[in-house]
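This report describes selected features of one protein chain. The sequence and the structure come first, and the description follows.

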Amino acid sequence: ASFLLLCFRSPLATPLIFGLLLQAPPTQLSTITQPNFVLLLADDLGIGDVGCYGNDTIRTPNIDRLAKEGVKLTQHIAAAPLCTPSRAAFLTGRYPLRSGMDAVNDYRVIFWNAGSGGLPPNETTFAKILQQQGYSTGLIGKWHQGVNCESRNDHCHHPLKHGFDYFYGMPFTLISDCQPTETPEMDRAFRRKLWLSTQMIGLITLTAVLGRLTGLISVQQKTLTCLAAFSLLFFVSWFSSYGFVRYWNCIMMRNHGITEQPMVTDRTTSLVLQESISFIERNKHRPFLLFLSFLHSHTPLLTTEKFLGRSRHGLYGDNVEEMDWMVGQVLDAIDKEGLKDTTLVYFASDHGGWLERQEGKRQLGGWNGIYKGVLYKHKFSNCRGAGLVNTLSLMLSRSLAENQKSKEDSSSPTVVHLAGGEVPQDRVIDGRDLLPLLRGAVPHSEHEFLFHYCGVHLHAARWHQRDTGAVWKAHYVTPIFSPPGAGACYDRGFCPCFGEGVTHHEPPLLFELSQDPSEAKPLSAETEPLFDTVIRKIGRAIEGHRRTLTPVPEQLSVSNVVWKPWLQPCCGTFPFCWCDKEGDN
């Protein structure tokens, strides 16, 4: 589950979920024409992991303060419960399959810095719109939207090509492979198969050599040479990538230059925080957009010594509490520079907690509360918890009441924007302007239907019946949880989108979320008089939605996600890629 909190510490609160700026209401901005925007995006944080959403054992006072002073959204829906597609939607305000950022295969995220897939250059992000409006735009932290297309330095998917003036952080995502003391995480099952295959091929080769030497087996020298060469080539073909994940993927960049390869994880948190505060200080005299994309709370849960052992939930809880402290430091920097009354702060998670992420008895993933939903790096379910986003936003205008709570649906890519830009007219934009809702001018958002995808596979759809307030959700496909009723796929470590691991429903499973938020009691024609009417209504909406889809290049195809050495960002002469410019400084 992901979650969204909107907290307004000063006059005008707005969720920056869509990223494309809408015309600002003149009645609210008579004195502030271009507010500053600070977007705080957590990674893999569950809706049940923070205090303002009911957790009373993990201390998150700064996040809770945003909710208390501003607006908290409880039906803020992420477009996908895993990183790459969810963030693509957040940046563009469009379902990720519209930009090719979801896939039909199992590799549903950017897998290597040296892959060729990524957010297409022709997509318009909220940063690009703000940049055109004269904003200074910065991204600090995680990107995970690709780097290069055809050569090592073309940077076609880089943040600087998508509207950001400044970038410091990871072009990839944090994984356990980045921490030398942790068990490797990336493609773990596939790597085991590769190791096993290598050992079997090596054993066959060794047996043939010994057989020839002892005379027990008649093998020609040419055959032995070919067999040995094949064994070596097979090993090199995969170990050249998977054997050096820490060097290929765990890098830090400042703009186009690499500063650490591999990254020095002990200082990552302090550098990310320093860069964020420095960006605010450098741009305090002009309108700015700061997108702080946390590496918290993704495994390997990098946590400084100051916070280790502080929480009641082990390393994961420690990591969340440290992130909350970082939120407080950013808010203090805004206050120190006198920007409180001209800055909107928005806090959200990119999607929900990874329930299955465990090492032995250690729980390393978050918690999605009462909501169903699981997620994995490659596959996920589209149950409710996987899409709920936690958001807080503080901003400039006293038109919003303190401690306001909204139960309206909203799609994860929606930027309510006050910078005076225009939404692109040459493409479908799925996000909506939520400012009227947050100001209390309207009782509902413009969203009537939302569609839940697992890759390119539509699993579910929801309908907000405005005349009654009912929120209907129809599941056409659901994952097979294991053990049954667990709400996750603990045996696999992830839930699949298709194949033997899912169940197709005809008629679909129907729930009324305002009455049954945990989706525990499916309705039927016998128990719900409106069952057939609701199913037909949602079915027609799906047909209409599908007519708006157009074919686009698949960014996450196998050919785009595989490691390509000629695309590998390298601080040095490939393959000798190593540097520590932060340490040198």
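Is L556 buried or exposed? L556 is buried, because its relative accessible area is 0% (buried means under 20% relative accessible area, exposed over 50% and partly exposed in between, with a 1.4 Å probe and protein chains only).

## Basis of the model

This is a predicted model, in which local features need pLDDT of at least 70 and side-chain atom pairs count only at pLDDT 80 or more, while totals for chains, interfaces and linings use all residues. Residues are numbered from 1 along each chain as its sequence is written, and side-chain values use heavy atoms, with hydrogens and water left out.

Helices (H or I, at least four residues) and strands (E, at least two) are DSSP runs numbered from the N terminus.

## Surroundings of L556

L556 sits in the loop between α10 and α11 (558–561). Apart from neighbours within four places in sequence, its contacts (heavy atoms within 4.5 Å) are T84, G100, M101, D102, A103, N105, Y107, R108, V109, I110 and V561. G100 is 456 residues away from L556 along the chain, yet the two C-alpha atoms are separated by 7.3 Å.

Helix α1 (residues 61–69) packs on helix α8 (residues 314–336) at an angle of about 60°, with the axes 7 Å apart. Axes are lines fitted to C-alpha atoms, for helices over the stretch in contact, and angles run from 0 to 180 degrees between N-to-C directions. The two helices are therefore oblique to each other; angles under 35 degrees count as roughly parallel, over 145 as roughly antiparallel, 65 to 115 as roughly perpendicular and the rest as oblique. From α1, P61, N62, I63, R65 and L66 meet M323, D324, W325, V327, G328 and L331 of α8.

Helix α7 (residues 268–282) has 15 residues and, at 1.5 Å a residue, should span 21 Å; its end C-alpha atoms are 21 Å apart, which agrees. The expected span is 1.5 Å times one less than the number of residues. Buried residues of α7 include L271, V272, F279 and I280.

## The four-stranded sheet

Four strands form an open sheet in the order β14-β15-β16-β17, with antiparallel pairing (two strands pair if DSSP finds at least two bridges between them). At the edges are β14 (449–454) and β17 (502–512), each pairing on one side only. The twist from one strand to the next averages 15°.

Six bridges join β14 to strand β15 (residues 457–465) in the antiparallel sense, and F451 stands opposite A461 in β15. Helix α10 (residues 531–547) lies across β14, β15, β16 (470–479) and β17, and runs at about 120° to β15.
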